[in-house]
Amino acid sequence: MGKRQLTLNLVFGEFIVSLLGSLIIAVTLPIIVFMLGVNCKAFHTADYYQNLAIQTVQKIEGSSQFSKSQIPSDLDYAIFKNGKLQKNNLTHKILKYAAKYQKKAINTSKYRFLAATNKNYKIVIYYQIHTSYNNKKLNYYLAPPEKLLLWLAFILLIISCWLNIHYFARHIKRQLVPVEKAITQIEQKNLNFTSNSSQIMEINQIIASLNTMKKSLKQALMDQWNSESQQRNKITTLSHDLRTPLTVILGNADLLKEESLTTEQRQELTDLTASAEIMEEDLDKLISLSKNRPLILKNEQQKILLCDFMKKVTKEILPLIKLKHLNFEFDNQLDSSNKISVPIELRRVVVNIFSNAVDFCPSNGKINLKLLLKDNILKFVINTNSTDNNCNRLNNKHFGLGLPISNQIIKKYHGNIEFIQVEKSNITQSIINLPIEKTII
């Protein structure tokens with residue numbers, strides 16, 4: 001048979017019953033202690049001194065001769081003879097009220113007296129209505145028993161509440177352990193765990209929901225892994241398929257270098273070889289990305305002057321512009337006296353984004369590359385003029401194979417790439433933002 005399951009209503013009902021029982025014990029225990037003290041004559045009840053005073057008055061009035069020894073030591077008194085004070089053990093303040101009482105027997109709410117008359121003597125006895133200890137020293141040093149017992153009851157109430165709350169909190173926490181373990185396993189992506197059950201039905205329902213979520217998550221991860229595996233295989237296959245014609249291009253380019261070529265043809269051959277080598281390197285990096293391996297970029301730490309950097313970039317983008325017969329403008333808004341150095345690998349980012357902008361620009365269109373520095377951020381702004389809304393195409397990530405590498409490079413230097421469609425115009429802006437430090441080389 002399985003464990004008996006409780007409901008939260010029953011658990012909290014048990015808590016309330018236990019708490020009430022503890023509170024009753026905390027209240028009745030001081031009362032029991034007081035009653036035992038009275039039976040053992042350790043305590044006096046509140047009417048003890050009143051009864052003692054009444055007995056003393058009866059004793060004095062019933063005797064033929066008054067003697068001070070007839071007054072118990074537990075009582076305070078004042079002895080008057082013919083209206084004049086003879087002896088007393090009262091304080092000055094109480095004595096004034098006692099003197100008034102012997103003339104006119106009226107008690108106040110604060111001070112209580114009884115008077116006994118014997119021949120010419122009038123004995124005024126002062127008493128209080130409160131509990132006390134049988135030991136006079138305890139009456140002097142300690143608070144009255146009823147106050148001590150009230151404090152004891154209050155302390156017992158606090159302790160009983162704390163013990164009940166602590167016990168039931170630990171009980172609930174023990175029942176929640178399977179839930180905490182299940183959540184921890186899911187956070188650690190361990191989806192092969194087995195959940196234990198609890199004694200509380202509602203918590204078991206949570207565990208069942210977590211098990212259902214675990215199965216769904218496991219299936220989703222399997223589907224994602226299969227999808228990513230297929231995508232990686234496709235990228236790897238495509239990269240290898242592209243490598244073959246690149247090898248042929250590079251091989252034929254090497255053969256053409258041995259031929260007699262004009263200066264212009266040799267320059268075009270050099271541009272062709274450089275572009276093919278860059279594409280081959282991009283394919284290697286794309287394969288690394290598809291296999292979730294870190295990119296190994298050449299010359300990562302090298303920096304060059306911005307003017308030399310732009311010469312290299314211009315050399316690569318000019319063939320792209322010629323192919324589409326574009327009207328190209330380069331707008332350099334930097335102060336020529338500033339010596340700015342940039343990472344050499346940034347060239348790949350600028351060329352890739354510029355290449356995509358060329359793709360989206362129609363033949364015989366306009367393209368502009370603007371270079372400016374604002375708030376220590378170097379901006380490469382590429383403006384393309386087109387009748388299409390190129391920004392929508394850019395935002396749909398039609399970037400080609402080089403964009404993942406470009407993003408990784410620019411993020412490494414805390415920069416970013418953004419695409420903006422200028423309002424009420426057919427101009428699309430591709431902006432590369434690169435935080436830099438001005439350095440003199």
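Predicted model: local features only at pLDDT ≥ 70, side-chain atom pairs only at ≥ 80, totals over all residues.
Residues are numbered from 1 along each chain as its sequence is written, and side-chain values use heavy atoms, leaving out hydrogens and water.

So what's Asn-118 up to? You'll find Asn-118 in strand β4 (residues 112-118). Helices (H or I, at least four residues) and strands (E, at least two) are DSSP runs, numbered from the N terminus. A polar atom of the Asn-118 side chain lies 2.8 Å from the backbone oxygen of Ile-60, and the backbone oxygen of Ser-63 lies 3.1 Å from a polar atom of that side chain.

Now for the charges. How many salt bridges does the structure hold? There are two, where a salt bridge is a side-chain nitrogen of Lys or Arg within 4 Å of a carboxyl oxygen of Asp or Glu. One of them pairs Arg-347 with Glu-316, with the closest N and O atoms 2.2 Å apart. This pair links distant parts of the chain: Arg-347 sits in helix α9 (residues 346-360) and Glu-316 in helix α8 (residues 306-324), 31 residues apart. Both Arg-347 and Glu-316 are buried.

Lys-412 and Glu-345 form a salt bridge too, their closest N and O atoms being 2.8 Å apart. Here again distant parts of the chain are linked, with Lys-412 in helix α11 (residues 403-412) and Glu-345 in the loop between β9 (341-343) and α9, 67 residues apart. Lys-412 has a relative accessible area of 36%, so Lys-412 is partly exposed. Glu-345, at 8%, is buried.

Finally, have a look at two loop residues. His-325 is in the loop between α8 and β8 (327-332), and its phi is near 55°, a positive value in a residue other than glycine. His-325 counts as exposed because its relative accessibility is 56%. Asp-375, in the loop between β10 (366-374) and β11 (377-385), also has a positive phi near 55°. With a relative accessible area of 66%, Asp-375 is exposed.

Note on methods:
Buried < 20%, exposed > 50% of the residue type's maximum accessible area, 1.4 Å probe, protein only. Polar contact = N/O pair within 3.5 Å; in protein donor to acceptor, adjacent residues only side chain to side chain.
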